[in-house]
Amino acid sequence: MKFTLSWLKDHLDTTASVEEIAEALTDLGLEVESVENPLATLSNFTIGKVKKAEKHPDADRLRVCVVETDEGEKQIVCGAPNAREGITVVVAKPGDYVPGIDLTLSVGKIRGVESHGMMASERELELSDEHDGIIELPSGEVGENFGEWMAKNRPEKVDPVIEIAITPNRPDALGVRGIARDLAARGLGTLKPMKEAHVEGKFPSPITVTIDEDTRKDGCEVFMGRLIRGVKNGPSPEWLQRRLKAIGLRPISALVDVTNFFTYDMNRPLHVFDADKIRGNLRVHRARAGQKLIGLDEKEYTFPEGAVVISDDEEIESIAGIMGGLRTGCTEETTNVFLEAAVWDPIQIARTGRALKINSDARYRNERGIDPAFNAPGLELATQMILELCGGEPSEVVVAGEVPKVDRAYRLDTDRVKSLVGMDIPAEEQRRTLEALGFRLEGDMAYVPSWRPDVLGEADLVEEVARVASLTKLVGKPLPREHVGVPKPVLTPMQKREGRARRTAAALGYNEVVTYSFIDRESAELFGGGSDATMLENPISSEMSHMRPNLLPGLLQAAARNQARGFMDLALFEVGPAFDGGEPEDSHLEVAGLLVGATAPRDPFASRRPVDIYDAKADAEAILSAIGAPSRQMIQRGAPGWWHPGRSGQISLGPKNILAVFGELHPKVLAKLGVKGPAVAFTIYPERVPFPKATGTTRPALEVSDLQAVERDFAFVVDARVEALTLVNAAAGADKSLIESVRVFDEFSGPKAEAQMGPGKKSLAITVRLQPREKTLTDAEIEAVAAKIVEKVAKATGGTLRA
């Protein structure tokens with residue numbers, strides 16, 4: 001929204017500077033985006049008088065002038081044809097910046113003659129495109145500030161232009177009067193009385209208007225218009241053209257310029273039809289899909305079903321509230337004009353505008369909502385201006401529909417400003433503020449003006465009072481504590497666990513990604529999802545139709561996108577919810593990691609190798625340890641179908657409580673998601689990890705035994721299909737109080753092993769560490785534990801001690 005300072009002063013009696021106005025507007029919520037103030041540039045230049053002008057000794061077109069300035073007489077070389085003795089000029093001295101030529105002046109020589117500055121033209125000062133000669137002023141004293149002289153003698157050429165950003169809830173600020181009203185309420189001047197007009201109709205309008213029944217409720221609530229015959233259309237007056245040009249609009253003709261003026265002046269979009277081109281009467285109705293119109297911008301538009309349009313008896317003539325049609329547009333030959341003012345449904349305007357991809361000033365205002373009570377007064381004021389500029393004779397006003405009733409009132413509780421905003425504003429000041437903004441007060445009830453559709457409750461009244469009083473006066477104060485003493489933790493134990501998992505994964509070298517919770521059905525089905533229970537009712541796209549059953553699909557899709565761009569080695573992780581159904585309780589937290597490619601870049605030390613299952617297992621165990629999982633865990637088979645059946649495992653506490661799954665991903669899954677392997681991953685379920693029974697903040701005392709530990713090695717002959725973990729778990733269970741750890745240190749398998757131990761056999765060697773707590777172990781006690789270990793392993797695996 002652009003406007004000039006002089007335009008603002010048509011509605012606001014003020015002496016405030018441009019800087020004060022700009023600061024107040026931003027503080028009021030009407031953020032100033034730019035200020036173009038020519039006075040700020042022109043104030044650097046002064047007025048001088050040419051005392052002498054002689055021909056340059058080495059150039060026929062140059063003159064050497066002696067100019068009287070506020071710093072004494074200066075010699076200036078000038079090439080302007082009108083440079084002569086006795087004229088009053090604008091002087092730019094060395095050090096001054098000249099905007100029209102983008103140059104900072106310095107003392108220089110022109111054809112051997114020194115020049116101490118320049119005498120400026122209008123184009124060089126960006127006052128106009130005139131550059132045939134230097135500026136000749138009819139008045140002015142030597143040394144007088146040129147900006148001040150322009151403000152006194154030609155204020156229209158130095159009128160500051162202010163541009164503000166308007167939020168969608170403030171349509172009243174899309175008119176200069178609405179802006180002036182806010183500034184007056186702030187105290188930067190007095191709002192001038194609203195202009196009024198009543199133009200008596202001389203004859204019944206030969207053009208009538210009707211609104212179809214299906215369009216009244218949510219299309220067009222009221223339509224007013226009148227015929228003005230005998231107008232003389234042509235260029236609009238200079239003041240109107242100057243005002244429109246200042247805000248970036250192109251003057252077209254007096255009739256069109258009047259409608260543009262009211263659009264910006266009062267936020268009252270209007271339209272003028274060439275009445276001689278209207279065949280019959282006007283009708284507001286909904287278009288059928290496929291109907292077409294050539295708009296005023298000479299583009300053809302095809303209407304969607306239900307768009308609101310204006311037609312005559314034969315065809316569509318206007319896109320209601322957005323743009324008129326080219327056929328009935330006004331030209332210089334127009335002598336009879338039909339002036340329209342209507343109240344349109346904002347949602348309907350927005351829907352049609354988006355469908356047709358039209359961005360017009362009329363659409364911008366109508367889709368935000370205009371003042372319905374100003375519909376008739378706006379029509380009268382526009383009629384009056386047309387008669388003043390173009391002459392003519394007006395008809396009586398024709399009306400279809402009724403002006404919508406927007407009257408509403410809310411109780412003003414002056415104490416709520418303190419509780420809602422935290423500001424102490426006297427009750428009388430609050431009442432004065434609302435009255436200045438156009439609210440009508442009756443006792444404690446505040447009646448909302450028709451131009452403020454955004455005020456919808458008592459809290460909005462408080463907001464208006466605080467906004468005008470200035471929220472910059474609000475003093476920040478700490479909130480009082482609910483309980484005395486040390487405050488309780490803000491984060492829950494699970495949130496802390498989630499944070500530790502994030503930090504640990506990042507420390508392990510993973511990069512965190514955040515993917516959508518929605519994926520396509522095919523990807524969801526690969527990971528055990530894709531059911532109707534997790535299907536979205538209104539998905540954004542077909543690729544986001546289901547809630548994700550696991551975090552791995554998103555990680556794999558991210559990996560595929562990175563590989564497509566040449567990044568083949570990846571370490572990605574995500575922490576977030578996965579979904580088993582459509583209810584809130586059907587979600588669970590996961591920590592998922594994905595390793596793709598190699599473990600390191602290429603180097604001379606052969607440290608680069610493909611990622612494998614043990615990388616994923618080690619990282620999963622590290623994260624589980626960081627979030628407090630017990631150290632004694634089981635690893636078992638039985639991972640879901642998207643994991644490689646022979647290269648995956650589950651970390652669990654007992655057979656049912658699965659804490660994590662790790663391993664290679666199934667080749668079919670990688671192929672369908674476009675990921676080039678090798679790829680290993682893990683999925684951790686933090687909510688399944690039990691919390692410690694002791695909830696204290698201190699760490700337990702370190703328990704270190706001062707007794708000598710004992711290690712014994714065992715080699716067992718077992719079937720080749722026996723897993724090492726089965727043997728390790730069996731040995732560890734022989735005496736849980738004494739056995740501290742069990743490690744596999746050797747495996748002997750293959751043809752040579754079978755030749756020595758029999759077909760289908762292998763040897764597994766383990767080290768068992770015994771740590772006594774109360775006394776040093778005797779040989780007999782050690783042998784008893786060893787016997788238990790052999791017994792447990794034999795029972796669990798069928799193995800025997802290797803001879």
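Student: Leaving aside its neighbours within four places in sequence, which residues is Asp159 in contact with?

Tutor: The model is a predicted one. Setting aside neighbours within four places in sequence, Asp159 is in contact with Thr4, Leu5, Ser6, Glu36 and Pro38. Asp159 itself belongs to the loop between helix H4 (146-153) and strand E13 (161-164). With one of these partners, Ser6, there is a polar contact between side chains, at 2.2 Å. Although Asp159 is buried, it has no salt bridge. The nearest side chain of opposite charge is that of Arg243, 5.8 Å away, and a salt bridge would require a side-chain nitrogen within 4 Å of a carboxyl oxygen.

Asp212 sits in the loop between strand E15 (209-211) and helix H6 (213-216). With a relative accessible area of 22%, Asp212 is classed as partly exposed, because the buried class ends under 20%. If residues up to four places away in sequence are not counted, Asp212 touches Arg283, Val284 and His285. The side chains of Asp212 and Arg283 are joined by a polar contact of 2.9 Å. As for Gly581, which lies 369 residues from Asp212 along the chain, the two C-alpha atoms are separated by 48 Å.

The cysteines raise the matter of covalent links. A disulfide is a covalent bond between the sulfur atoms of two cysteines. With sulfur atoms required to be within 2.5 Å, the count of disulfides is zero. Cys220 is in no disulfide, and its nearest cysteine sulfur, that of Cys330, is 19 Å away. Cys220 is buried, at a relative accessible area of 0%. For Cys78, the closest cysteine sulfur is that of Cys65, and the 5.6 Å between the two sulfurs is too far for a bond. Cys78 also counts as buried, with 8% relative accessibility.

The strand pairing can be followed from E4. Strand E4 (residues 46-55) pairs with strand E7 (residues 88-92) in the antiparallel sense, over four bridges. Within that pairing, Lys49 has Thr88 of E7 as its bridge partner. E4 also runs antiparallel to strand E5 (residues 63-69), to which six bridges join it. Here Val50 stands opposite Val67 in E5. In a regular strand the side chains alternate between the two faces of the sheet.

Finally, some backbone geometry deserves attention. Most residues other than glycine have a negative phi, and most peptide bonds are trans. Asn267, which is not a glycine, has a positive phi of about 55 degrees. Asn267 is placed in the loop between helix H8 (254-265) and strand E17 (271-274), and it is buried, with a relative accessible area of 7%. Ser470, likewise a residue other than glycine, has a positive phi near 90 degrees. Ser470 occupies the loop between helix H14 (458-469) and helix H15 (493-507); its relative accessible area of 3% makes it buried. The peptide bond from Gly677 to Pro678 is cis, with omega near 0 degrees. Pro678 is found in the loop that lies between helix H19 (667-672) and strand E38 (679-684).

Terms used:
Residues are numbered from 1 along each chain as its sequence is written. This is a predicted model: local features need pLDDT of at least 70, side-chain atom pairs count only at pLDDT 80 or more; totals for chains, interfaces and linings use all residues. Side-chain values use heavy atoms; hydrogens and water are left out. Helices (H or I, at least four residues) and strands (E, at least two) are DSSP runs, numbered from the N terminus. Buried means under 20% relative accessible area, exposed over 50%, partly exposed in between (1.4 Å probe, protein chains only). Lys and Arg count as positive and Asp and Glu as negative; His and the chain ends are not counted. A polar contact is a pair of N or O atoms within 3.5 Å; within protein, one must be able to donate a hydrogen and the other to accept it, and residues adjacent in sequence count only if both atoms are side-chain atoms. Contact means heavy atoms within 4.5 Å. Two strands pair if DSSP finds at least two bridges between them.
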